[in-house]
Amino acid sequence: MTSTFLPPGTAPVKQQFLLSPAALPAVDDDAAEGSTAHTGTSCVNAVDTTDARGTGGRKKWTKAQKKEKRGANKGRKFGKVHDQLELCWRVANGKICEHGDECRFTHDIDAYLAAKPRDIRFPSITTILDVPPFIMGMEEDNSKADDNLSSHEPHTSCPSFAESGFCRLGLKCRFLGAHAKRDISGAITLVEDEEKRAQTALSTTELNFVSADTLKLLRSKKYPKPITDAYLKELEAAKGDTNGPEEDVAVGEDDLAIDDPPPVLSELIAKRTRNSDPSAQIDTPDVLMRVQEKRRLNWSGKSYLAPLTTVGNLPFRRLCMTLGADITCGEMGLATSFLTASASEFSLVRRHPSESIFGIQLAGNKPSTLVPTAEVLGREFGDTGGIDFVDVNCGCPIDLVFKSGSGSALLDAPAKLGKIVTGMSRALSEIPVTIKLRTGVKDGRNNAHKIMPRAATEWGIGCITLHGRTRQQRYTKLADWEYIKQCVDAVRAREADEGLSPIPIFGGGDCFSSHDYWTNVSSTGVDGVMIGRGALIKPWIFTEVKEHREWDISSRERLQLIGKFTEFGLSHFGTDTTGVNTTRRFLCEALSFQYRYVPIGLLERLPAKINDRAPTFKGRDELETLLASPNSQDWVKISEMFLGPAPESWSFTPKHKSNAHGEESQADDSS
C-alpha cells in the first residue's frame, strides 16, 4: 500500500510506517479559542477512558456508539490536588505565622514530612531514551528513605531552584531534596544560592502582578478612570446612549466622526507623565497624545505567536520564545471580568521576562467595558513596561462570544468598533492598540477590506492581523490568502494617499512550515504571519521559520521540549502538589495538539499540510510511536516521566471525546 491509495486529505505517510489507511477522527480546532473558563472545582469524567490496547483485536462499534464518542467534552472542570496534610506556607518557608495556633494549616513539620509523598525525581535531558522506559532511572526506586525525611529524595533536582537559586514553595516543594538539609541540631534547613538568586532576579521574576488594593477598588467600583469617564460623556453627548443597541452600519456608509479628544485635567497629565509642568507635555490644553506620537510597532520580519485560550499559557509562550518566537500575546481575557476584579482573569496577563514583545488580548462588545479595562491595564502595567500593546479580539467565532456581540460580531458593527478602539487608544496613552479579525462573518460577505483601511488611517491602530477565514467557515475551508493580499493592498493604498507611514499587517491561516510562512509573506505583502494551530502542533515551527528550513525533529528532541515545557510549568504554577498537577493538566492539554504531528521523515512529499488527517502509523522508534498516540491515557503516561505518578484523585478529561478511547475505534472509523 502506498500513499496514493490513502483517502483524500490524508497525510501521505510512507508505506513502511502505515498501520491503517483510515484517518484518525477530525478535531474541531475552534476549541483552542472556545473556552474562557480558567479554573474549576472538580474534574468531570464525562467519558469512558478504557484503553483497548493489547486486547488482541478491535471491537466493532455500532453507529450510535461511534456518534456518542465523537464531538467535544463540554464543561470540563479540573480541581486542584492538595497534600493530605497541608503545611502553612509561612512555616514552609521558615517564617513565623502570625495566626499561631489558630492557623487552619498545620505547623508540625515532622508530621507533614512523614505524610508527604516521596519527592519526584526530575530527569535531565541526558537521561532521555527512544526506547522504554524512555527515561533512565524511571524504574522503581527501592532505595531506603531517610528516617528523618521520609519524603526526601536526595538525587532529585528542583526546576525552580535550579533556575533562580531558591524555591518559593520551601518545604512544600515536591523536589525538596534539591534544596533542604538537616543541621547539626536536627532541624531542617532550606538552602538558597544567594549569588544565583541575585544574578537571575530580573531574568526569572514574572511581571504584571496586580495589587490587593487595586482589586479592592475594582470590586467596589471606586477605581478612578478619568479618561474613560470623559470619553463616554463625549460619546453620550454625540449619540445619546453609549450602551444602547447600535445599528449595524456598513463600512463607508456610516457617518461616525472621530471628534477631537476631550479636555483632560492637568493633574492627571502630571501624574501619568510624572512631570510637574503638564504644559511641557502637550501642545494645547485640550489635546491628548496624537496618533502619530504613539509608540510605533516595528514588527516587520518578526514571528508572532497567536493568543490561544487555555493552551497559550505562560509556560507554552516561554517555550515558543526559546524556539524563536518574537511576539507573544496573553490568552483572551474578558473585559467585564477584569472590571469585576476576577483573579483568574488577571492571571492571564502575567508576563515572563523572556517575552521581549508582549501584549494582552481583550474581548468585549461596547466602549463602556473595553475602554475602562484598557485604562486600568495601562495604568497598572504600562508604566512598568509590563505590556507593549493591547489587542482587541474581532475574530473569535465561538457562539458564546459571538452572541454576546464580542469577537467576530464586531465585524458587523464597524461604527461601534471604531468607537471602541479610539477610546482604548486614548486610555492607553503611548501603548498601541492592535486588532485581530477575520475576513467577515458570513461566506461571500467579506468586509475586512473595508474595515482595515479605516482602522489604519482613522482609528489609530498600531497593527492589524487578518485570519483568512470568515466566522461561518471556522476551519472547514482553507484560508484565503488571495483575499488577505487584497486587504493589504487596500491598506497600503489608503496610507499612501494620506501620506501616512505603513503599519505592520500580519496574515494568518494554515501556516505549518517554513515554506508556508515565507511563501505567504512574499506573495501577499504581509509583514509576517501569526501562527496559532501550527505552533500548537509543532512549537519548533518558529525555529524552522527563523532558519528557513524544515526540521525533521527526532523523538528524543521532542521529549526534551516536553521536559522543557514541564520545567517552565513548574516555575510558573509551583513545585508543590497543587502546582505539579496543574502543570500535568496543561502538559496534557499541549500533548492533545502535539500528537497530531506526523514526522516529516515519514512523509512521501513535503511540505506537510496542517489540514491533512493522519492515518494510523508507527514511528521510527517506540518513543515516536508513543508521541503520536491519540489516547489521552498515553499523554498522562508521558507526564509521569517528568512529574511522577498521577494521584488517584486526579484525572484528565480530553477536549475531544475521540481522544478518550483506545485504538479499537481507529480502524473502524472509515465509514
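**Entry 1: a glycine in a helix**

I started at Gly418, which counts as buried at 0% relative accessibility. The model I am reading is predicted. Gly418 is found in helix H15.

H15 covers residues 414-427, and at 1.5 Å a residue its 14 residues should span 20 Å. The end C-alpha atoms of H15 are 20 Å apart, which agrees. How many residues of H15 are buried? I get 14 of 14, so I noted the helix as mostly covered, since buried here means under 20% relative accessible area. After H15 comes Ser429, and I noted its positive phi, near 55°.

**Entry 2: salt bridges**

I searched the whole structure for salt bridges and got 27. I picked out some to follow by hand.

Arg351 and Asp388 make one, with the closest N and O atoms 2.8 Å apart. Arg351 sits in the loop between helix H12 (343-346) and strand E7 (357-363), and Asp388 in the loop between helix H13 (367-382) and strand E8 (389-394), so the pair ties together parts 37 residues apart in sequence. Are these two buried or exposed? Both Arg351 and Asp388 come out buried.

Asp399 with Arg471 is another, and here the closest N and O atoms are 2.5 Å apart. This pair links distant parts of the chain: Asp399 is in helix H14 (residues 399-402), and Arg471 is in the loop between strand E10 (463-470) and helix H17 (481-498), 72 residues apart. I looked up the cover on each partner. Asp399 counts as partly exposed at 38% relative accessibility, while Arg471 is buried, with a relative accessible area of 15%.

I also followed Arg620 to Asp552, where the closest N and O atoms are 2.9 Å apart. Arg620 lies in the loop between strand E13 (615-617) and helix H23 (622-627), and Asp552 in the loop between helix H20 (541-547) and helix H21 (555-573), so the bridge ties together parts 68 residues apart in sequence. Arg620 is partly exposed, with a relative accessible area of 36%. Asp552 is partly exposed too, at 34%.

**Entry 3: aromatic rings**

I turned to the rings and found 13 aromatic pairs in the structure. Trp299 and Phe389 form an edge-to-face pair, 4.9 Å centre to centre with 70° between the planes. Trp299 lies in the loop between helix H9 (266-273) and strand E4 (304-305) and Phe389 lies in strand E8, so parts 90 residues apart in sequence are tied together by this pair. Trp299 and Phe389 are both buried.

Trp540 and Tyr597 also pair edge-to-face, at 5.0 Å centre to centre and 90° between the planes. Trp540 is in the loop between helix H19 (533-537) and H20, and Tyr597 in the loop between helix H22 (577-594) and E13, so this pair ties together parts 57 residues apart in sequence. Trp540 counts as buried at 1% relative accessibility, and Tyr597 is buried with a relative accessible area of 2%.

Trp299, Tyr304, Phe389 and Phe506 form one aromatic cluster.

Then I looked for arginines over ring faces. Arg438 lies over the face of Tyr475, at 5.9 Å from the ring centre. Arg585 lies over the face of Phe586, at 4.5 Å from the ring centre.

**Entry 4: cysteines**

How many disulfides are there? My count comes to 0. Cys167 is in no disulfide either, its nearest cysteine sulfur being that of Cys173, 3.9 Å away. I checked the cover here as well: Cys158 counts as buried at 1% relative accessibility, and Cys167 is buried with a relative accessible area of 8%.

Definitions and conventions:
Residues numbered from 1 in each chain as written. Predicted model: local features only at pLDDT ≥ 70, side-chain atom pairs only at ≥ 80, totals over all residues. Heavy atoms only, no water. Salt bridge = Lys/Arg side-chain N within 4 Å of Asp/Glu carboxyl O. Helix = DSSP H or I, 4+ residues; strand = E, 2+ residues; numbered from the N terminus. Buried < 20%, exposed > 50% of the residue type's maximum accessible area, 1.4 Å probe, protein only. Expected span 1.5 Å × (residues − 1). Phe/Tyr/Trp six-rings, centres within 6.5 Å; stacked < 30°, edge-to-face > 60°. Lys NZ or Arg CZ within 6 Å of the ring centre and 35° of its normal. Disulfide = S-S within 2.5 Å.
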